[in-house]
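Dear colleague,

Please read them with the model open.

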Amino acid sequence: MGGGDLNLKKSWHPQTMKNIERVWKAEQKYEAERKKIEELQKELKEERAREEMTRYAEDTGAIK
């Protein structure tokens, strides 16, 4: 008899190596996407700040 845990043979079981790997890959993909979005937001914020400073300098006559 025996043969181990029958749940480990189910495709949906969370402890199978295939499912653990699938979850890990999904987490890595999510983290990479989150970092990419944060970087793009940071670049956009910096660009807007530069444009605002340029506009202010033009308004005050510091540059033409």
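A residue is called buried when its relative accessible area is under 20%, exposed when it is over 50%, and partly exposed in between, with a 1.4 Å probe and protein chains only. This is a predicted model, in which local features need pLDDT of at least 70 and side-chain atom pairs count only at pLDDT 80 or more, whereas totals for chains, interfaces and linings use all residues. Residues are numbered from 1 along each chain as its sequence is written, and side-chain values use heavy atoms, with hydrogens and water left out.

Thr-16 sits in the segment before helix 1, and it counts as buried because its relative accessibility is 12%. Apart from neighbours within four places in sequence, Thr-16 is in contact (heavy atoms within 4.5 Å) with Leu-8 and Lys-10. Asp-5, eleven residues from Thr-16 along the chain, has its C-alpha atom 11 Å from that of Thr-16.

Helix 1 covers residues 17–60 and includes Glu-46; helices here are DSSP runs (H or I, at least four residues), numbered from the N terminus. Ile-37 also belongs to helix 1 and is partly exposed, because its relative accessible area is 40%. Between Ile-37 and Gln-15, 22 residues apart in sequence, the C-alpha to C-alpha distance is 31 Å.

Glu-46 is partly exposed, at 39% relative accessible area. Together with Glu-39, Glu-43, Glu-47 and Glu-51, Glu-46 forms a negative surface patch, a patch being made of residues with over 30% relative accessible area and no salt bridge, where like charges are joined within 9 Å. A salt bridge would be a side-chain nitrogen of Lys or Arg within 4 Å of a carboxyl oxygen of Asp or Glu.

Best regards

Definitions and conventions
Patches are made of residues with over 30% relative accessible area and no salt bridge: like charges are joined within 9 Å, nonpolar side chains (Val, Leu, Ile, Met, Phe, Trp, Tyr) within 5 Å. Accessible areas come from the Shrake-Rupley method with a 1.4 Å probe; for residues, only the protein chains shown count as cover. Lys and Arg count as positive and Asp and Glu as negative; His and the chain ends are not counted. The place of a charge is taken as NZ of Lys, CZ of Arg, CG of Asp or CD of Glu. Helices (H or I, at least four residues) and strands (E, at least two) are DSSP runs, numbered from the N terminus.
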